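Work through the exercises below with the sequence and the coordinates open. Each task is followed by a solution in steps.

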Amino acid sequence: MSEQLLNINGVKICTESFGDPADPALLLVMGAQASMVWWEDEFCQRLAAAGRFVIRFDNRDVGRSTVYELGKPGYKFEDMADDAVGILDAYSIKQAHIVGMSMGGMLTQILALRHRERVLTVSLIATSNFAEGLPPMEEKVAQFFANSEVIDWSNDEAVISFSVSKWRVLVGSKHPLDADRVYQLAKQEVERSSNMGSINNHSVVTGDFSYLARTAEIDVPALIIHGTEDPIIPYEHGISLANTIPSSFLLTLEGSGHEIHHCEWDKIIDAIINHTL
């Protein structure tokens, strides 16, 4: 493991790499309000052991990367996608396989359209292009995040407790929440964060959503991974992506929610490695 704070597009982006730089590059893009620790160490190490040079990073406003005044993110989704390209440049990588989770999957789609020459394949986990007619998030999720407005983001234990509670809402029924595991990840996230409250800026970031209307133009192989019990981005969104992107394969995770549950790692890691041969 090697963590670096890079100057990219006028901001600081914290990255960490695993494995041999001579191996094919795999860039992991995490979702909204989540730092790179949610790409768990062992998950990254197993990908690296299978012959991939793995890079994870903190998006803007999370972890150790540049943070902005609450409610005033000085960037758009396109800037976040461009940050990913800047990371590849910093590591002297011409092309990479991109893996995106949730909002990170949106950024991966934008990246595949905006910087096609840099992308070998995409893997889209629990994400969507939000095409018209797809079902919305479940009401329990909206209610939970509405209540987050009263969190004291300067109180570490309150923030950690909130994170654990959030995952209770997001998990599916197949695998129980490992509360101790989630607690330790949330604690790690808080301890290395420049300003935990800034994660809320992701909820107000805007951008050129016409990219997501062009998902059918993605011409690299696409692996779609989606749980059947995802309460934020329902399973139908994954089916829609698989039906829209020409060269795609849908891996269905029965009973999984909006998560990369460690009990599903074997299946997910095998699929990503086979997809990125």
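This is a predicted model: local features need pLDDT of at least 70, side-chain atom pairs count only at pLDDT 80 or more; totals for chains, interfaces and linings use all residues.

**Exercise 1. Contact of H2 with H3**

Task: Determine how the axes of H2 and H3 are oriented and which residues make the contact.

Solution: 
- Step 1. Helix H2 spans residues 77-90, and its axis comes within 9 Å of that of H3. The crossing angle is roughly 75 degrees.
- Step 2. Angles of 65 to 115 degrees count as roughly perpendicular, so H2 and H3 are roughly perpendicular to each other.
- Step 3. On the H2 side, the contact residues are Phe-77, Glu-78, Met-80, Ala-81, Asp-82, Ala-84 and Val-85. On the H3 side, they are Met-103, Met-106, Leu-107, Ile-110, Leu-111 and Arg-114.
- Step 4. Sorted by class, the contact of H2 with H3 has 10 nonpolar, no polar and three charged residues.

**Exercise 2. Contact of H4 with H5**

Task: Repeat the analysis for H4 and H5.

Solution: 
- Step 1. The axes of H4 and H5 approach within 10 Å and cross at roughly 170 degrees.
- Step 2. An angle over 145 degrees counts as roughly antiparallel, and H4 and H5 are therefore roughly antiparallel to each other.
- Step 3. H4 contributes Lys-140, Val-141, Phe-144 and Phe-145 to the contact, while H5 contributes Phe-162, Ser-165, Lys-166 and Val-169.
- Step 4. The contact of H4 with H5 comprises five nonpolar, one polar and two charged residues.

**Exercise 3. The largest pocket**

Task: Give the volume of the largest pocket and describe its lining.

Solution: 
- Step 1. The volume of the largest pocket is about 1100 Å³.
- Step 2. Its lining has 48 residues, of which Ala-32, Ser-102, Phe-145, Ile-232 and His-258 are the closest to the centre.
- Step 3. Two or more lining residues come from each of H3 (103-114), H4 (139-147), H5 (156-170) and H6 (179-191). H5 gives the most, with four residues.
- Step 4. By class, the lining of the largest pocket has 31 nonpolar, 11 polar and six charged residues.

**Exercise 4. The cavities**

Task: How many cavities of 30 Å³ or more does the structure hold, and which residues line them?

Solution: 
- Step 1. There are two cavities of 30 Å³ or more.
- Step 2. The largest cavity has a volume of about 70 Å³. Its lining consists of Gln-33, Trp-153, Val-159, Ile-160, Phe-162, Ser-163, Lys-166, Ala-186, Glu-189, Val-190, Met-196 and Ile-199.
- Step 3. H5 and H6 each supply at least two residues of this lining, and the largest share, five residues, comes from H5. The lining of the largest cavity splits into eight nonpolar, two polar and two charged residues.
- Step 4. The second largest cavity has a volume of about 40 Å³. Phe-77, Glu-78, Met-106, Ile-110, Gly-207, Asp-208, Phe-209, Tyr-211 and Leu-212 line the second largest cavity, with H2 and H3 as the elements that give two or more residues.
- Step 5. In the lining of the second largest cavity, six residues are nonpolar, one is polar and two are charged.

**Exercise 5. Burial in H7**

Task: Which residues of H7 are buried, and what do they pack against?

Solution: 
- Step 1. In H7 (residues 235-244), the buried residues are Tyr-235, His-237, Gly-238, Ser-240, Leu-241 and Ala-242.
- Step 2. The buried residues of H7 pack against H3 and against strands E6 (119-125), E7 (222-227) and E8 (248-253).
- Step 3. Take His-237 as a case: its relative accessibility is 4%, so His-237 counts as buried.
- Step 4. Leaving out residues up to four places away in sequence, His-237 touches Thr-127, Ser-128, Phe-130, Leu-134, Pro-135 and His-226.

**Exercise 6. Loop residues**

Task: Are Gln-33, Phe-130 and Val-150 buried, partly exposed or exposed?

Solution: 
- Step 1. Gln-33 lies in the loop between E3 (25-29) and H1 (41-49). With a relative accessible area of 13%, Gln-33 is buried.
- Step 2. Phe-130 sits in the loop between E6 and H4. Its relative accessible area of 43% makes Phe-130 partly exposed.
- Step 3. Val-150 belongs to the loop between H4 and H5. At 71% relative accessibility, Val-150 is exposed.
- Step 4. Most residues other than glycine have a negative phi. Gln-33 has a positive phi of about 60 degrees, and phi of Phe-130 is positive too, near 55 degrees.

Methods. Residues are numbered from 1 along each chain as its sequence is written. Side-chain values use heavy atoms; hydrogens and water are left out. On a 1 Å grid over the protein atoms alone, a cavity is a set of points where a 1.4 Å probe fits but cannot get out, and a pocket is an open set with protein on both sides within 12 Å along at least five of seven lines; lining residues have an atom within 4 Å of a point. Grid points are joined across faces, edges and corners, and a volume is the space filled by probe spheres set on the points. Ala, Val, Leu, Ile, Met, Phe, Trp, Tyr, Cys and Pro count as nonpolar, Asp, Glu, Lys and Arg as charged, and the others, Gly among them, as polar. Axes are lines fitted to C-alpha atoms, for helices over the stretch in contact, and angles run from 0 to 180 degrees between N-to-C directions. Angles under 35 degrees count as roughly parallel, over 145 as roughly antiparallel, 65 to 115 as roughly perpendicular and the rest as oblique. Contact means heavy atoms within 4.5 Å. Buried means under 20% relative accessible area, exposed over 50%, partly exposed in between (1.4 Å probe, protein chains only).
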